[in-house]
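Please open the model in a viewer and keep the selection panel at hand.

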Amino acid sequence: MKQKFDIIQSTCVPLPFENIDTDQIIPARFLKATTNDQAFFGENLFRDWRYRPDGSKNEDFVLNNPKFSGEILVAGKNFGSGSSREHAAWAIAGYGFRVVISSFFADIHKNNELNNFVLPVEVSPAFLQSIFDEIAKDPKTELKVDVPAQSVTILSTGKSEKFQINGYKKYCLMNAMDDIDYLLGQKSKIEAWESSKR
Amino acid sequence: MNTLFDKIWDAHVVNQIEDGPVQLYIDRLYCHEVTSPQAFDSMRARGIKCFRPEKIFCMPDHNTPTRNQDKPIEEPISKKQVDTLEANAKEFGLTHFGMMNDHNGVIHVVGPERGLSLPGMTIVCGDSHTSTHGAMGAVAFGIGTSEVEMVLASQCILQQKPKSMRISVEGKLGKGVTAKDVALYIMKEITTSGATGYFIEYSGSAIKSMSMEGRLTLCNLSIEMGARGGFIAPDETTFEYVKGREYAPKGEDWDRALAYWKTLKSGEDAVFDKEIVFKAEDIEPMITYGTNPGMGMGINSAIPMDTPEKSLNYMDFKAGEKLTGKKIDYVFLGACTNGRIEDFRAFASIAKGRHKAENVIAWLVPGSWMVYNQIKSEGLDKVLEEAGFEIRQPGCSACLAMNEDKIPSGKYSVSTSNRNFEGRQGPGSRTLLASPLTAAAAAVTGVITDPRTLL
């Protein structure tokens with residue numbers, strides 16, 4: 001949902017696997033909804049890792065571990081690969097995450113997160129490792145994600161790193177504006193472009 | 001600089017946003033039932049209409065059953081999604097090829113075969129395998145639902161321009177080595193994130209000598225290398241394929257289009273952000289052993305010792321073991337990857353005069369009604385029926401198991417589709433990706449078999 005971004009300070013949920021694909025984030029059988037019911041998608045986030053085939057909770061999975069919670073998901077490299085399903089971003093948002101941190105994101109999923117006001121924060125592999133290390137030491141480790149300053153800080157150690165986001169998207173996130181709002185204002189320019197190509 | 005990608009991309013830039021993305025004009029939008037309903041809902045909520053409805057084509061493919069399509073879909077949620085697409089297309093004035101319409105099929109099979117996807121176009125769809133259409137010499141890529149709405153509303157999309165990569169495969173492919181094997185080989189070499197952030201141009205003598213069907217298979221799998229898309233510069237093979245197709249230009253329009261299409265190639269001085277060259281002779285028939293498409297190997301190889309435990313446990317394989325001779329349970333021929341006529345010819349070439357193994361359940365699903373009808377007119381259906389196989393009705397089917405074609409938990413499926421992720425073909429399913437030839441070899445022997453031994 002459209003919401004303004006500024007500074008987010010939160011504990012994290014660590015998911016230290018690489019190549020987490022969107023089929024794992026939300027399996028295909030949950031894509032049949034015809035409405036954008038984010039609560040439904042959130043309930044089924046990582047469905048087949050959260051629940052065993054008999055429907056019981058998989059207590060070994062991090063989302064079922066009461067020690068870990070927060071608005072920030074921290075994942076291994078190449079997060080969101082595979083299918084373009086935006087349902088994956090809806091599930092992440094619906095569960096309550098506002099930020100995903102990884103050392104590498106798949107392209108389509110990264111756009112999908114941004115279009116749903118979930119901020120993908122790409123950090124260096126070394127910084128990602130230090131976040132995982134701190135969370136392993138203390139599950140209550142907090143991170144500060146400062147959108148105006150484009151920085152992420154591990155509060156317990158003070159270690160900080162800058163992240164990239166283009167000026168346009170940063171403005172959109174900080175002002176709760178989406179790309180369609182922008183494009184609807186461009187109609188005459190598009191028509192002019194079309195005529196120039198005829 | 002001066003790559004074909006630059007030429008097509010730059011010719012579609014309406015506006016460059018300062019310190020932001022490009023506003024890119026889109027020539028063709030395809031919509032299927034899974035990733036479009038929320039976009040139409042949002043259009044209604046904003047009270048807006050489609051900007052260029054004539055450039056948009058809709059068809060259901062993910063949920064469609066592969067039997068009894070003349071009857072209503074039994075599963076109510078699937079039926080609702082398919083019906084919703086039809087209602088949305090009607091409300092917004094879009095062309096819709098519904099179930100049982102002779103134009104229906106998997107969107108990435110139908111677009112090229114109807115001449116809707118043409119050289120030089122920008123093409124998008126809410127589906128990562130939109131990269132398929134790159135085989136036509138187009139810039140084609142998958143998008144999310146918010147982006148589908150952008151195109152519905154403005155025929156434009158906001159995108160960062162990807163970097164360019166050229167992957168060349170030089171030489172001649174060996175007997176029994178197909179475009180699918182080339183793609184699985186490239187993925188093994190560069191991993192599933194090796195091309196993330198890039199658009200790939202495929203080049204080299206092995207690529208140029210591929211048929212359109214082979215090129216469509218290769219470009220389809222670009223996304224599995226992490227790339228947004230991959231394409232092949234249009235040439236005589238492309239023009240020959242396009243000519244006369246239903247929506248392709250005709251008469252003077254054709255001459256004008258052809259003259260333009262002939263200019264669509266990278267300059268001699270083109271500079272790519274990255275270049276990789278492979279030798280065709282190094283490529284063998286491939287099979288995957290793990291849980292992402294980059295975890296593949298030559299069919300006679302042993303599973304690498306450094307394979308992650310999580311994947312081995314899921315597949316119930318051991319590092320160091322060979323797969324040849326292993327019993328399998330299911331075979332799936334089809335999908336936007338390998339659901340075209342050439343794939344059925346390849347499968348039939350091995351099935352001919354042999355019989356489906358007792359332990360194997362095989363699903364042969366054409367990519368479209370056009371493919372289905374061609375299978376019949378070439379008599380391949382007879383060959384396959386004599387060998388104990390049944391041709392089903394078109395759709396995405398067991399590629400992602402959104403219809404009833406689901407591989408049961410724990411069962412092994414040799415599949416010509418594109419993804420072997422955990423649970424992809426049904427919860428607990430174990431997928432081994434391979435070419436139609438390798439799938440046919442497994443189907444008739446009941447075990448994983450090097451197809452070259454049967455050719």
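Between which domains of chain B does the largest cavity lie? Domain 1 (4-159) and domain 3 (286-453) of chain B each give residues to its lining, so the largest cavity lies between them; the domain bounds come from an automatic or database domain assignment.

Before selecting anything, note that this is a predicted model, in which local features need pLDDT of at least 70, side-chain atom pairs count only at pLDDT 80 or more, and totals for chains, interfaces and linings use all residues. Residues are numbered from 1 along each chain as its sequence is written, chains are lettered from A and ligands numbered from 1 in the order in which they are written, and side-chain values use heavy atoms, with hydrogens and water left out.

**Cavities**

Select B:His62, B:Asp127, B:His129, B:Leu400 and B:Arg424, which lie nearest the centre of the largest cavity among its 23 lining residues. A cavity is a set of points, on a 1 Å grid over the protein atoms alone, where a 1.4 Å probe fits but cannot get out, and lining residues have an atom within 4 Å of a point. The space in the largest cavity is about 220 Å³, a volume being the space filled by probe spheres set on the points, which are joined across faces, edges and corners. Its lining comprises eight nonpolar, ten polar and five charged residues; Ala, Val, Leu, Ile, Met, Phe, Trp, Tyr, Cys and Pro count as nonpolar, Asp, Glu, Lys and Arg as charged, and the others, Gly among them, as polar.

Next, turn to the second largest cavity, which holds about 140 Å³ of space. Select A:Ser81, A:Gly82, A:Ala106, B:Ile223 and B:Gly226, the closest to its centre of the 17 residues that line it. Domain 2 (163-245 + 255-281) and domain 3 (286-453) of chain B each supply at least three residues to this lining.

**Helices**

Now select residues 179-190 and 212-220 of chain B, helices α6 and α8, whose axes lie 8 Å apart at an angle of about 25°. Helices here are DSSP runs (H or I, at least four residues), numbered from the N terminus. Axes are lines fitted to C-alpha atoms, for helices over the stretch in contact, and angles run from 0 to 180 degrees between N-to-C directions.

B:Ala335 belongs to helix α12 (residues 335-338) of chain B.

How values were computed:
1 Å grid on protein atoms, 1.4 Å probe; cavity = no way out; pocket = protein on both sides within 12 Å on 5 of 7 lines; lining within 4 Å. Helix = DSSP H or I, 4+ residues; strand = E, 2+ residues; numbered from the N terminus.
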